[in-house]
Amino acid sequence: MASVPGAFQVAVIGGGITGASAANHLAAAGFSTILLERSDFASGTSGRSSRLQHCGLTYLTPGRSIWNFLLHPRMALEHLELARRAMRDRSRFVRATPERVRPIPFHVPLYRKDGVPYWKAMLGFRLLEFLDKGGVSLGFERLSARQAAAEPALRGLRDSRSLTGVLRFTEYQFDWPERICLDAILHARDCGAVVRNYADVIRIAMHEGGGWRLDVTDRRDGTTQIVLADCVVNATGAWVDELGAQSGLALPALNQGLKGTNVAVRLPPEFRGLAFETTLADGNPFYVIPWRDLHYFGPRDEPCNPSPENFRADEQTILRLIDDFRSVFPGVPLSRADVLYSWAGVRPRTARAGHPDGCEAVLLHDMGKAGAPGYFIYTGGLLM
């Protein structure tokens, strides 16, 4: 590891999208900043993104109960804010880098008695447009049941007799989330930040002269050096609690990991380029998303702490995903043999009592009141 000159105002730990963005903003604002990542940049949760600049509809409709929002106003406000940010940043990304995105037509099937009701979907779309006035249009339209039946890919949807129509809207897909992280990191470096990967922070402690001391090991040659910083930003995603615990810091548990699993298959030609968003019988959202000439679908979510084995799709979950697909498209023959590959990632979620899956809010926690002044932790995190 190259010698790191002097002390820094801020040490950012974690080279995923949250740490990359934090280092970028801090360096651009003139703070002396160092960014430390123990592996490849964007090699954790960020690299397992859905690769969509998602509009945020899922925060308002599939799997969300209006009663839950009414009974928990805090949750409603958090989800509205997430939807607003999703729409705003979708517009910014598409307009700033049109060469990096391609439009994907998404389809939401509408049924008489279950799934996403028409009024709820339309309310969600209208609210999203209100939250981002003048932004990139969703271009949503309603296809009647007869129009849907005329499109080959839509004929495979379940329960055609109860299908009242299909809502179609536009999302935008990008290829490489790692590239987005690296762009932010390279810009932070151009603004004066020191950036290091394969730099494992093995210990954090308050420095006797004020601020923080970080013991950092180079994972390539085993050497260790000391980094001093006035402030620390812990942006290690699903590992925020692990980093504090290994350093002996008596901090509250703030993360609740949620493992999401997806599988990729080759669907019939009529599905090429088309995406679907719906709700399963258990109320959870389900997506079918094109990836060049393939499709991937999921996720199957389950509470999970980050560990190497949990970044793999297990056989039981793969079989459940196939069953999920069959429940949405019973007319499309699909078996375990059709799965070309699978992957899983542990998403960081903000821990909250009464929410076993954590909450989706993206929060910055000041640990000063917990006896760690100048120590900040990010929980949650959205690549888009």
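**Ground rules.** I number residues from 1 along each chain as its sequence is written, and side-chain values rest on heavy atoms, with hydrogens and water left out. As the model is predicted, local features need pLDDT of at least 70 and side-chain atom pairs count only at pLDDT 80 or more, while totals for chains, interfaces and linings use all residues.

**Entry 1: salt bridges.** I started with the count and found 21 salt bridges in the structure (a side-chain nitrogen of Lys or Arg within 4 Å of a carboxyl oxygen of Asp or Glu). A reminder to myself: side chains of opposite charge can pair when their charged atoms come close.

**Entry 2: E171 and R90.** Here the closest N and O atoms of the salt bridge are 3.7 Å apart. I then checked where the partners sit: E171 is in strand 6 (residues 163-174) and R90 in helix 3, 81 residues apart, so I noted a link between distant parts of the chain; E151, in the loop between helix 5 (145-149) and strand 6, and R168, in strand 6, likewise tie together parts that are 17 residues apart in sequence. Helices (H or I, at least four residues) and strands (E, at least two) are DSSP runs, numbered from the N terminus. E171 is buried at a relative accessible area of 0%, and R90 is buried at 0% too (buried is under 20% relative accessible area, exposed over 50%, partly exposed in between, with a 1.4 Å probe and protein chains only).

**Entry 3: E151 and R168.** I looked up the distance for this salt bridge, and the closest N and O atoms are 3.1 Å apart. E151 has 23% relative accessibility and counts as partly exposed.

**Entry 4: D89 and R92.** Their side chains meet in a salt bridge of 4.0 Å, N to O. Both residues lie in helix 3 (residues 73-96), 3 residues apart, about one turn of the helix.

**Entry 5: helix 6.** I moved on to residues 177-190, the 14 residues of helix 6. From first C-alpha to last, helix 6 reaches 20 Å, close to the 20 Å expected at 1.5 Å a residue (the expected span is 1.5 Å times one less than the number of residues). Which of its residues are buried? I listed P177, I180, C181, A184, I185 and A188. They cover an arc of only 130 degrees around the axis, which puts them on the same side of helix 6 (the arc is that of the directions from the helix axis to the C-beta atoms). Among what covers these buried residues I found helix 1 (17-28), strand 2 (33-36) and strand 7 (194-196). Just after helix 6, G192 takes a positive phi of about 110 degrees.

Notes
Contact = heavy atoms within 4.5 Å.
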